[in-house]
Amino acid sequence: MSSPELLLQVLRTQMRAAGVTYKMLAERIAMSESSVKRMFGQQDMSLSRLAQICKAAGVPLEDVLRGAADATPQADRLTLTQEKSLLANPRLLLMAICCLGHWTLEQVLETYDLTEPECIVLLAELDRLGLIELKPLNRYRLRVSNAFRWLPDGPVQQFFRQHVVDDYFGGSFDGEGETLLCLPARLSAPSAQELVGRIQQLAGELARLHQADRRLAQSERDGFTLLIGFRSWEFAAFTALRRSAPVK
C-alpha cells in the first residue's frame, strides 16, 4: 500500500470514528459531495488540503500521520549493504543495538563514553540507513518490526560469532533470571520445524515483556540477552568416536 493510500485510509477511519460523512465534509469545505468522493478515490490530495479536511472533520492531522506511520509495514531484516555499513563503524553498531533496545539518548549518554553531538550524528546515520526514523528532540521510531532478525550468516551474525559468542558463554549463568541449557535430541524434520516455531514465539514473548517493562524506572531493569541456536550438529570430538560403517 502506498503512503498516500495509507494516509487516506487512516483519515477515513478517523472520520468514521468521529461520525463525519462525505456529505458533511463536503458542506464544511464548500465542495460537492461527488468532488470529495473523487478526491478520496483518486488519492490526489495536497498536504494543505489534507490539513483542511482534518480541521473540518475535527480530526487532528498529527493523529492521521501517526496512524499511517504505525500501520506502515516494517522490515524484518536489514539489507546486506545496511549491515556492512553498521560494521564499518563500531559506535554505529552500538547505537543501532541501543535503538533496537529502545534506549533513549539520555540513557546512551549515561552509559557509554559518547558525546551528545556524536550520538546525534549516529542517530542521523541510522535514519539514513533506514533502521530508525529520527524525530524532533532526538527521539526516534524504529523502522523494523518486533520480529527483526539479523541476516542469517550475514555480516553482523559473523561479527557476533567471532567476537561475542565466547564472551557471552564465558559467564557462569548462575545469576537471578539466568540459565544455560544444551539439550540433544533426535527429531524428525517436522518436529524440528515445530520447535523452530516455538522459538519464534519465545522471541515474540521476549519482545512483549521488553515493551511492557519500558514503563519501569531504569533502576528496576537490567540488560538481558537471549542467545538461541538450533541446528543439526554433533560435537566433533563425539563424531570422531562414531563406529565406522560396516563393510558390505
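Reply: Start with E133 and K135, which form a salt bridge whose closest N and O atoms are 3.7 Å apart. A salt bridge here is a side-chain nitrogen of Lys or Arg within 4 Å of a carboxyl oxygen of Asp or Glu. The model is predicted, so local features need pLDDT of at least 70 and side-chain atom pairs count only at pLDDT 80 or more, while totals for chains, interfaces and linings use all residues. Residues are numbered from 1 along each chain as its sequence is written, and side-chain values use heavy atoms, with hydrogens and water left out.

E133 is partly exposed, with a relative accessible area of 24%. K135 is partly exposed too, at 33%. The cut-offs are under 20% relative accessible area for buried, over 50% for exposed, and partly exposed in between (1.4 Å probe, protein chains only).

Strands are DSSP runs of E, at least two residues, and helices are runs of H or I, at least four, numbered from the N terminus. N138 has a positive phi, near 60°, in a residue other than glycine. N138 is buried, with a relative accessible area of 18%.

Now look at the nonpolar side. The largest nonpolar core has 24 residues, and I132 is among those with the most contacts inside it, along with L86, M95, C99 and L126. Such a core is a set of buried Ala, Val, Leu, Ile, Met, Phe, Trp, Tyr and Cys residues joined through side-chain atoms within 4.5 Å. The elements giving two or more residues to this core are β2, α7 (90-100), α8 (105-111) and α9 (116-129). Helix α7 gives the most, with 6 residues. C99 touches I132, and also L123, L126, Y140 and L142, leaving out residues up to four places away in sequence. Contact means heavy atoms within 4.5 Å. In soluble globular proteins, nonpolar side chains tend to be buried together. Another core, of 21 residues, lies apart from this one, and includes L8, V10, L11 and M15.

Back to charge. The whole structure has 11 salt bridges. One joins E118 and R91, with the closest N and O atoms 3.0 Å apart. E118 lies in helix α9 and R91 in helix α7, so the pair ties together parts that are 27 residues apart in sequence. Both partners are partly exposed: E118 has 33% relative accessibility, and R91 has 39%.

Another salt bridge sits within a single helix. R208 and E205 both lie in α12, 3 residues apart, about one turn of the helix. Their closest N and O atoms are 2.5 Å apart. R208 is partly exposed at 46% relative accessibility, as is E205 at 34%.

A nonpolar surface patch is formed by L202, L206, L226 and I228, with about 340 Å² of accessible area together. Patches take residues with over 30% relative accessible area and no salt bridge, joining like charges within 9 Å and nonpolar side chains (Val, Leu, Ile, Met, Phe, Trp, Tyr) within 5 Å. The areas come from the Shrake-Rupley method with a 1.4 Å probe; for residues, only the protein chains shown count as cover. I228 is found in the loop between α12 (189-212) and α13 (236-239). I228 is partly exposed, at 40%.

The search of the whole structure finds 10 aromatic pairs. Y22 and F40 form a tilted pair, 5.2 Å centre to centre, with 50° between the planes. Y22 lies in helix α2 and F40 in helix α3, so the pair ties together parts that are 18 residues apart in sequence. Y22 is partly exposed at 24%, whereas F40 is buried at 1%. F159 and F160 have ring centres 6.2 Å apart and planes at 55°, so this pair is tilted. Rings of Phe, Tyr and Trp (its six-membered ring) pair if their centres lie within 6.5 Å; planes under 30 degrees apart count as stacked, over 60 as edge-to-face and the rest as tilted. Ring pairs link F148, W150, F159 and F160 into a cluster.
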